[in-house]
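Please open the structure in a viewer and keep the selection panel at hand.

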Amino acid sequence: MQPRNMSMSGVVDLAAVKAAQEAKAKAEQTRAETARQGGAGTVSPADLVIDVDEAGFEREVLQRSAEVPVVIDFWAEWCQPCKQLSPVLERLAVEYNGRFLLAKVDVDANQMLMQQFGVQGIPAVFAVVAGQALPLFQGAAGEAQIRQTLDQLVQVAEQRFGLTGLTVDADAESGAVDAVEAEPVGPYDALLEAAVQALDAGDFGGAVQAYRNVLADDPGNSEAGLGLAQAELLQRVGGMDPQQVRKEAADEPENAQAQIAAADLDLVGGHVEDAFGRLIDTVRRTAGDDREAVRLRLLELFEVVGPDDPRVAAARRALARALF
């Protein structure tokens, strides 16, 4: 895990070494100054997850990255995979108890930050340590992979940069836990929570079954319907070889199944319009059973993204033109 200085790409290694030395010295000075003032300040668990925009990025991310590793979650409201990943990151930010700070960046409102980090699709997760950008992962990731990546990040931050994280107020944490436990429980909350936990653990088959159990009793449950569509998508792409799938799709534009598989990968990677456009183009090129299979998969992907997303409405119109 090597730091990448975003503004000094030609001297990455020298910049990283210099930043490590400066950050370590600054961290030591900060700890010494804090000790002279009578002890370290604390933060509440709620302070471990923050929303960041372009105006506050330098203060909330770059400056604070001299004290604590800052993990950046690039997301958008329309991105369904983001809605699976972000809650996991938020929960882990609290669980890691101040060893990293989670900064959430809405890419629709902060295009400049997205371009500066070279984000090609969302969800995308980076870290900033002592002003140095570290690409962590892009697209869907299981909790085990996320934990392993965060453990490496924390280790690098402490060993190379001398960053030991933030002190969390234990009383505030207890209050937050009590508040969560006091929330009312709905008739299907246990099943829905089991589905979410299965998704977090990478058990997509278990998540699919849990959502189906809810829908068996309550066919109109929108949360279960959306969750099922997402879980089935993740289950499908879980066993794919992305390079092979994309090669087959490129080599065989008339192959409906190859285009369907590639569209699933597009959507999981956050490339919504690419996924829709690929299948609509395939509808135009195919007929019979192949065309129907492509149409049905496109409708499934509409469910994953959500009916209120403007790109779904646009794609529905394009599909109608392709069909008729």
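In which loop does Pro123 lie? Select Pro123: this residue lies in the loop between α4 (111-116) and β4 (124-129). Element names here follow DSSP runs, numbered from the N terminus, with helices being H or I runs of at least four residues and strands being E runs of at least two. The model is a predicted one, in which local features need pLDDT of at least 70 and side-chain atom pairs count only at pLDDT 80 or more, while totals for chains, interfaces and linings use all residues. Residues are numbered from 1 along each chain as its sequence is written, and side-chain values use heavy atoms, with hydrogens and water left out.

**Backbone stops**

The peptide bond from Ile122 to Pro123 is cis, with omega near 0°. Next, select Asn97, in the loop between α3 and β3 (101-106). Asn97 is not a glycine, yet its phi is positive, near 55°. For context, most residues other than glycine have a negative phi, and most peptide bonds are trans.

**Helices α13 and α14**

Select residues 288-305 for α13 and residues 310-323 for α14. These helices pack at an angle of about 170°, and their axes are 11 Å apart. Axes are lines fitted to C-alpha atoms, for helices over the stretch in contact, and angles run from 0 to 180 degrees between N-to-C directions. The angle therefore makes α13 roughly antiparallel to α14; the classes are roughly parallel under 35 degrees, roughly antiparallel over 145, roughly perpendicular from 65 to 115, and oblique for the rest. The crossing of α13 and α14 is left-handed, a term for a near helix turned anticlockwise from the far one by less than a right angle (clockwise would be right-handed).

Now show side chains. On α13, Arg291, Arg295, Leu298, Leu299, Phe302 and Val305 meet Val312, Ala315, Arg316, Leu319, Ala322 and Leu323 of α14, where contact means heavy atoms within 4.5 Å. The contact of α13 with α14 has 9 nonpolar, no polar and 3 charged residues. In this classification Ala, Val, Leu, Ile, Met, Phe, Trp, Tyr, Cys and Pro are nonpolar, Asp, Glu, Lys and Arg are charged, and the others, Gly among them, are polar.

**Helix α11 and its partners**

Select α10 (residues 242-251) and α11 (residues 256-268). Their axes come within 8 Å and cross at roughly 130°; α10 and α11 are therefore oblique to each other. The crossing of α10 with α11 is left-handed. From α10, Pro242, Val245, Arg246, Glu248 and Ala249 meet Ala258, Gln259, Ala261, Ala262, Leu265 and Asp266 in α11. That contact of α10 with α11 comprises 7 nonpolar, 1 polar and 3 charged residues.

The axes of α9 and α11 are 10 Å apart, at an angle of about 115°. Leu233, Leu234, Arg236 and Val237 of α9 make the contact with Asp264, Leu265, Leu267 and Val268 of α11.

**The cavity**

A search of the whole structure finds 1 cavity of 30 Å³ or more. On a 1 Å grid over the protein atoms alone, a cavity is a set of points where a 1.4 Å probe fits but cannot get out; a pocket is an open set with protein on both sides within 12 Å along at least five of seven lines; and lining residues have an atom within 4 Å of a point. Grid points are joined across faces, edges and corners, and a volume is the space filled by probe spheres set on the points.

Select Gln80, Pro81, Gln84, Gln230, Leu233, Leu234, Val268 and Val304, which line the largest cavity. This cavity holds about 50 Å³ of space.
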